[in-house]
Amino acid sequence: TNHLMVQGDPSPDGLKQLRIGLRRLRSLLRLFKREIDPARAAWLNAEARWLAAEIATVRDLDVMLDDILLPELVRHPDSGLEKLRTAFARRRQAALKRLRPLLAGERAQSLVIDAIALAQVPAARRGRDPVICRAPKLLERRWRKVVAMAEVLDELDIEQRHELRKELKKMRYSVEYLRALYPDETLKPFLKLLKRLQTVFGDLNDAAMAEMLLTGAKAPLGKDIEAQRAAGRLIGARWAIADLSWERAGQYWADLESIAPFWRASKSKKEMEPRHHSPID
């Protein structure tokens, strides 16, 4: 559905949802690897990674334009910021021109068709050991990876924070895939705190992305003094937001860690009532 939405005139929200969908697909392939043919899973994972990378260029420019530049322009109108917005808007148009034929091309279409076909595979053919019985172990394994990194939260450098951000996303996707198996009252508090922690890492990622786009050899308007001053102020503002957000990271993690993981603390719906299909359906 998301793929069809963005083929004509890809909107920022449509591309965002498509990129999220591709991430979720890759997470699903890892989570349900016992139920999916290895060769098929490897192909789907590689193709989803390829398409997500192609979309990333446009998505980063959307974030720069809509989430970073526009709010700053509203707060502090500035000719340098206007120049930067114009330059990035042109860059987005060029990137979108390259992306459109890829979205409509045979390679992307094949990925969509195979992903849809995967969702139609009967549960009985996905493996002898149903996912529903292994859900606690699947969640526990993902959780341990998060814990191993987050236990030294204050010592993480920028690259390690980025890796933890990815692990938190994988954890969240896993929880959301399997949420139908557990009572909401035990799952929702865990998911809520997980999302809060993700927001912190999202602010860090936005600051790093803004600095990357606004500096270096490919930065726009490198010889324009007004634009460069505006870029410097913008980078400083984004890192100030990220630093303020990071101050809450420790407390969010402590709150999350203090909650007994719901897959340990309560019976699943499978244990409380019979179910007749796999959560992958």
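Helices α4 and α9 run roughly perpendicular to each other (a label for angles of 65 to 115 degrees, where under 35 degrees is roughly parallel, over 145 roughly antiparallel and the rest oblique). This is a predicted model, in which local features need pLDDT of at least 70 and side-chain atom pairs count only at pLDDT 80 or more, while totals for chains, interfaces and linings use all residues. Residues are numbered from 1 along each chain as its sequence is written, and side-chain values use heavy atoms, with hydrogens and water left out.

Two packed helices are described by the angle between their axes and the distance between the axes. For α4 (residues 79-104) and α9 (residues 225-246), the axes cross at roughly 90° and come within 7 Å. Here, helices are DSSP runs (H or I, at least four residues) numbered from the N terminus, and axes are lines fitted to C-alpha atoms over the stretch in contact, with angles from 0 to 180 degrees between N-to-C directions. On the α4 side, the contact (heavy atoms within 4.5 Å) is made by S79, G80, L81, K83 and L84, and these meet E226, A227, A230, A231 and L234 of α9. Sorted by type, the residues of this contact are six nonpolar, two polar and two charged; Ala, Val, Leu, Ile, Met, Phe, Trp, Tyr, Cys and Pro count as nonpolar, Asp, Glu, Lys and Arg as charged, and the others, Gly among them, as polar.

With a relative accessible area of 12%, E72 is buried (under 20%, with exposed over 50% and partly exposed in between, for a 1.4 Å probe and protein chains only). Its side chain is joined to that of R75 by a polar contact of 2.8 Å, that is, a pair of N or O atoms within 3.5 Å, one able to donate a hydrogen and the other to accept it. Neighbours within four places in sequence aside, E72 touches P77, L81, L234 and A237.

Helix α10 (residues 249-258) has A249, Y252, W253 and L256 as its buried residues. These lie on the same side of α10, because they cover an arc of only 95° around the axis, taken from the directions from the helix axis to the C-beta atoms.

Two partly exposed residues complete the picture. L221, in the loop between α8 (184-214) and α9, has a relative accessible area of 32%. Its phi is near 55°, a positive value in a residue other than glycine. R100 lies in α4 and is partly exposed at 29% relative accessibility.
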